[in-house]
Amino acid sequence: MNLMYLARSGLNSAQSALQVVGNNLNNAMTPGYSRQNILLGEAGGHIVANGFFGFGVQTDGVQRACDGFINNQLRDATTHFMAYKSRLEQLTPIDNMLADDSTNFDSSLNAIFSALEKMNDDPAKPALRQGAYQQFQAMAASLNNQSTTLDGLEKNTNQQISQSVTQINDAAKQVAELNQQIDKIYAQTGTLPMNLLDARDNALGALSELTGIKVNENSTTGRVDVILSNGLPLVNGTTTYPLKATVANDNPRQMVVSYIDGAGNELPLDESKISGGKLGGLLQFRDKELVSARNQLNQLSLQMANKFNQVNRQGFDLNGQAGEDIFTISAAQAIANRNNAGDGQLTVSFSDITAIQAQDYTLTFNDPDWQVETEDGRTITPTVAADGSLEFDGMTIMPAGSPQAGDSFVINPVAGTAGNIRVGLTDGDGIAASSSPDPAEESNNENLKVLLAIRDQAVVGKSTLSEAFASLVSSVGSAMSSLKTQGQTGYQALEAVARQQQAVSGVDLNEEFINMQMFTQYYQANAQVLQTATTVFDTLLAIR
């Protein structure tokens with residue numbers, strides 16, 4: 001009878017092993033599936049006078065092929081790669097825009113100077129004047145379109161930030177729910193459900209694509225806790241702490257991310273510490289590459305328009321009238337913080353456009369004075385005029401209304417320049433080519449020469465207009481090159497860790513096929529033992 005028990009234990013173990021192998025083969029192409037291995041052990045035995053005789057084999061369980069350390073490495077590599085990938089995807093349209101030789105700033109500027117050179121040969125010729133006028137129009141239209149592109153990128157980035165926050169919350173909720181299900185099954189059976197562990201790891205993988213996380217796993221109970229890269233808990237067992245994307249109080253065009261703690265309080269996150277995943281990449285692009293490109297383009301537009309306006313006002317048009325502004329420039333706007341308690345307002349005007357800086361200024365009312373702080377944390381002491389206006393960095397700020405202590409405003413003096421620039425002249429006759437108010441001197445081109453000389457003058461700081469544009473192109477190109485290199489390196493690191501993870505957890509069809517043949521033979525061998533035991537038993541019964 002013991003021989004039959006041995007055969008039965010072998011058959012049962014072989015059948016279990018074949019079931020595990022079959023499940024591996026069925027799920028070989030299932031994303032996130034971890035290979036399973038049968039665990040076989042001795043079923044014990046007994047000692048008799050003739051020696052030790054075993055009771056056969058027993059199935060000790062099924063083991064999930066998984067390495068927590070490698071999984072953490074894979075999540076980290078995914079987080080870093082996705083940050084570079086999302087930044088690069090957002091920056092590419094800016095690079096393409098600046099590289100378009102048919103519409104970029106430098107092409108439009110060269111077209112203006114080319115038209116003015118033709119006009120220089122015969123300043124009184126209407127066709128040549130109109131040709132120059134049309135190039136000024138083309139420049140304004142080009143800057144408007146480029147500003148629209150940047151505005152669209154900002155809106156798209158904000159939308160993706162909001163979507164990423166929603167996806168993070170959904171994935172965190174899924175992890176918490178899986179924690180609950182795993183805990184329930186473990187409490188009832190003492191066994192971890194491998195399909196739910198796979199689902200949990202998939203949810204953690206989705207989280208790592210969106211933001212940087214640290215995972216603490218209890219290998220016995222299967223519970224995981226998730227911590228954000230800034231140290232705040234995201235998932236604590238079955239409890240989640242969601243994120244929230246809202247419009248910034250000090251900038252209606254910007255989304256900010258807040259953390260909801262256990263008491264329901266909204267805590268604005270330090271975005272500089274959210275550097276990983278898609279969300280981190282989007283925040284870095286918006287706060288660095290997008291801000292830099294927009295400020296440089298707006299500064300370029302402002303200084304270009306101001307220089308042409310200055311020179312045109314020095315001369316006289318075809319009718320002998322004093323030259324007017326070629327371009328119209330919109331006034332900067334002071335953006336009030338939504339939490340301001342008073343009804344204070346700030347009116348911004350330019351006192352010296354050449355001194356204007358392309359950056360954000362925060363003005364805070366500390367009754368009775370105003371504090372001015374730059375975006376890099378520097379404090380500026382403004383000059384206060386007799387009428388109460390503040391003057392600094394080429395701007396004049398006139399307060400009005402009744403601000404309350406702590407009320408603040410943000411001013412970027414170049415904001416919106418490229419998008420709102422227009423040609424102020426009605427036709428080519430308004431180009432002030434002459435240095436004389438006498439309309440009879442229609443061939444006078446002295447002031448036109450000064451307009452042409454703008455090409456070689458330092459207009460933006462110590463740079464010519466072309467050099468300033470080249471600096472913009474260079475900064476974007478450098479960022480593109482850096483992100484491509486870092487992204488490629490990150491992808492290679494991700495691939496390397498993914499191969500390690502698959503070597504541990506992935507299903508090798510050849511290996512499983514060999515296992516299937518081995519356990520099939522194992523089954524057949526135990527069937528032969530059973531047949532032998534039956535034959536022996538029948539022989540014993542046949543003895544009379």
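Reply: Leaving aside residues up to four places away in sequence, Thr-157 touches Gln-90, Leu-282, Phe-285 and Arg-286, where contact means heavy atoms within 4.5 Å. Thr-157 sits in helix H4; helices here are DSSP runs of H or I with at least four residues, strands are runs of E with at least two, and both are numbered from the N terminus. Thr-157 counts as buried because its relative accessibility is 0%. The scale is this: buried means under 20% relative accessible area, exposed means over 50%, and partly exposed is in between, with a 1.4 Å probe and protein chains only.

A word on the model before going on: it is predicted, so local features need pLDDT of at least 70 and side-chain atom pairs count only at pLDDT 80 or more, while totals for chains, interfaces and linings use all residues. Residues are numbered from 1 along each chain as its sequence is written, and side-chain values use heavy atoms, with hydrogens and water left out.

Now to the nonpolar cores. The largest one has 51 residues, and Ile-94, Leu-116, Phe-308 and Phe-327 have the most contacts inside it. Such a core is a set of buried Ala, Val, Leu, Ile, Met, Phe, Trp, Tyr and Cys residues joined through side-chain atoms within 4.5 Å. At least two residues of this core come from each of helix H2 (68–99), helix H3 (105–121), helix H4 (126–189), helix H6 (277–314), helix H8 (446–453) and helix H9 (465–505).

Next, the salt bridges. The whole structure has 18 of them, each being a side-chain nitrogen of Lys or Arg within 4 Å of a carboxyl oxygen of Asp or Glu. In one, the side chains of Arg-455 and Glu-117 meet at 2.4 Å, N to O. Arg-455 lies in the loop between H8 and H9 and Glu-117 in helix H3, so this pair ties together parts that are 338 residues apart in sequence. Arg-455 counts as partly exposed because its relative accessibility is 30%, and Glu-117 counts as partly exposed at 36%.

Another salt bridge joins Glu-217 and Arg-200, with the closest N and O atoms 3.1 Å apart. Glu-217 is in strand E5 (residues 213–217) and Arg-200 is in helix H5 (residues 194–210), so the parts tied together are 17 residues apart in sequence. Glu-217 is partly exposed, with a relative accessible area of 39%, whereas Arg-200 counts as buried at 0% relative accessibility. Both belong to a network of salt bridges that links Arg-64, Asp-198, Arg-200, Asp-201 and Glu-217.

For strands, look at E9 (residues 243–248) and E10 (residues 251–260), which pair in the antiparallel sense over six bridges; two strands pair if DSSP finds at least two bridges between them. E9 and E10 form a hairpin with two residues between them, and Ala-245 has Val-257 in E10 as its bridge partner. E10 also runs antiparallel to strand E11 (residues 266–268), joined by three bridges, and Ser-258 stands opposite Pro-268 in E11. The hairpin of E10 and E11 has five residues between the strands, and there Gly-264 takes a positive phi near 85 degrees.

Most residues other than glycine have a negative phi, and most peptide bonds are trans. Asp-367 and Pro-368 are joined by a cis peptide bond, with omega about 10 degrees, and Pro-368 is in the loop between strand E15 (361–366) and strand E16 (369–374). Asp-393 is not a glycine, yet has a positive phi of about 45 degrees; Asp-393 lies in the loop between strand E19 (390–392) and strand E20 (395–400).
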